[in-house]
Amino acid sequence: HGLVIAGTEAGKTSSLGKGWVTGLGKHHNRIVTAKGPDIAVACHRYLTQVLKHHVVCIDPYRLMEPHGIESDDYNPCDVLVTLADKRSADIFDKAREIALVLIPEERSVGRQFISNVLIYLAIEQSETEQVVCNLAYLNRLMSSGTEDVIEVFRQMSIMPDYDGAVSRAGKKFLSQFENNPKSAQNFFTETQEALAIFEPVTPIGQSCQQSTFRAEDLKSPDKNMTIFIVLPPEKSGLNDAFAGLCLNSLCTIAIEADRFYPQVSIIADEFENLSLAPLPIIERVLKIGRSRGVRLFPFIQDAKSLRARYGELSSMFWTQAAFILAMNVRTVEEAEEYSKRAGQRAIVTDSANVSEGAEEFGISVKEEAIPLIRADEILRMPKFTALLLKEQNPPLMLDLIHYKMVDPWVHQIDDVLGAPPEGPFPIKFKL
């Protein structure tokens, strides 16, 4: 794994992101999150025509279509129908994960409602082949009023599947609505708010009902695949739950395939903003991802925002990273942290002491530790310069190079028509 920390306009997309997407090679699959269509459009020709990858663009807002590239839809609940077909008990864990991404608060009845109703809908779709196990359908159900929801509880209460677990959940919710309507209304409102972005007439609501590709191909030995999650940057914050669900579901498929090849690299820009809460799968990715051929490369704005989102788990991003790349460091606190992580070296100093009136003098020798790189040096790094901390090696200061100055990247990555012009990029070398 790796960790890239860079503020806005630090040059990470032009010097790192695009080059990594194209440079991983043919037999290495990718999941890439992107602000807007730029990186997906720029790399599409090389990935499809040269590497022969099946390129998927999960693109609810159809940002790829003006560039002549097909947009794809993805239903993160598809896995539940597959598990319902097999009557696998794993469906309970997967439904809870989906609900946890939508409602991260602890002890949430709304979260229990979403997970249990999704299990019921997955069984229904498995048996009837009607497209009902998706969040747009669940949004429509919640918007229809309490009578339709109560009817679902009644249907759940007579369902014998999973040794009566679905039936017991239906009876419990039915009892809450009948005996404690005020409490029921509270979780009803909580659930409606969590599902608001999946309104069926919205781009996300329309895009999350059915998948236009097989996500399982991400780990198929004979498949070469790149998946882009493309969302407009101006809607950042509004669509975090959808981005988080997609990434969590895809990472789960890659981890649970339980095979090393093909390797999957996750290049996740704005990683800390891709969800409302910690993604449940990320801890497993960090702990066992390398043994399953899954590597995570999150791009974050600063360390503080990662801690705010992931809490105690955030330390794992540092301990599991083979490298840390920091650029455009703006705060003393962050610079001091990198200085400490870079380590120290020992120096020996001597000093002479002469006493007043004495004919002799003494020499004292002292060993002390000093930082390999000081915090003030990190703060004064020129723009488009990065600090590299790689495992136990001494820190390195790197100059960032625009992909247009690198052969073969300059021939692999296309210009994007209509993209905002880049700011000045001080090219220092040509490769």
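Let's start with helix α4 and its buried residues. Ile-91, Phe-92, Lys-94, Ala-95, Glu-97, Ile-98, Ala-99, Val-101 and Leu-102 are buried in α4. Keep in mind that this is a predicted model.

One general point on helices. An α-helix has 3.6 residues a turn, so residues three or four places apart point the same way.

Now, salt bridges. How many does the structure hold? There are 23 of them.

First pair: Glu-256 and Arg-284. Their closest N and O atoms are 3.5 Å apart. Glu-256 sits in helix α11, residues 240-256, and Arg-284 sits in helix α12, residues 282-288, so this bridge ties together parts that are 28 residues apart in sequence. Buried or exposed? Glu-256 is partly exposed, at 41% relative accessible area. Arg-284 is partly exposed too, at 28%.

Glu-337 belongs to helix α15, residues 332-342, and Arg-307 to helix α13, residues 303-310, so the pair links parts that are 30 residues apart in sequence. Glu-337 is buried, because its relative accessible area is 15% and the cut-off for buried is under 20%. Arg-307 is partly exposed, at 33%.

Glu-377 is partly exposed, with a relative accessible area of 29%. Arg-374 is partly exposed, with 38%.

Some bridges share partners. Which residues do they join into one network? Lys-94, Glu-97, Glu-256 and Arg-284.

Last stop: His-53. Where does it lie? His-53 is in the loop between α2, residues 38-50, and β3, residues 54-58. This histidine, His-53, is buried, with a relative accessible area of 4%.

What does the side chain of His-53 touch? It makes a polar contact with the side chain of Thr-226, at 2.9 Å. Leave aside neighbours within four places in sequence, and His-53 is in contact with Gly-25, Lys-26, His-28, Asn-29, Arg-30, Leu-47, Thr-48, Asn-224, Met-225 and Thr-226.

Technical notes:
Residues are numbered from 1 along each chain as its sequence is written. This is a predicted model: local features need pLDDT of at least 70, side-chain atom pairs count only at pLDDT 80 or more; totals for chains, interfaces and linings use all residues. Side-chain values use heavy atoms; hydrogens and water are left out. Buried means under 20% relative accessible area, exposed over 50%, partly exposed in between (1.4 Å probe, protein chains only). Helices (H or I, at least four residues) and strands (E, at least two) are DSSP runs, numbered from the N terminus. A salt bridge is a side-chain nitrogen of Lys or Arg within 4 Å of a carboxyl oxygen of Asp or Glu. A polar contact is a pair of N or O atoms within 3.5 Å; within protein, one must be able to donate a hydrogen and the other to accept it, and residues adjacent in sequence count only if both atoms are side-chain atoms. Contact means heavy atoms within 4.5 Å.
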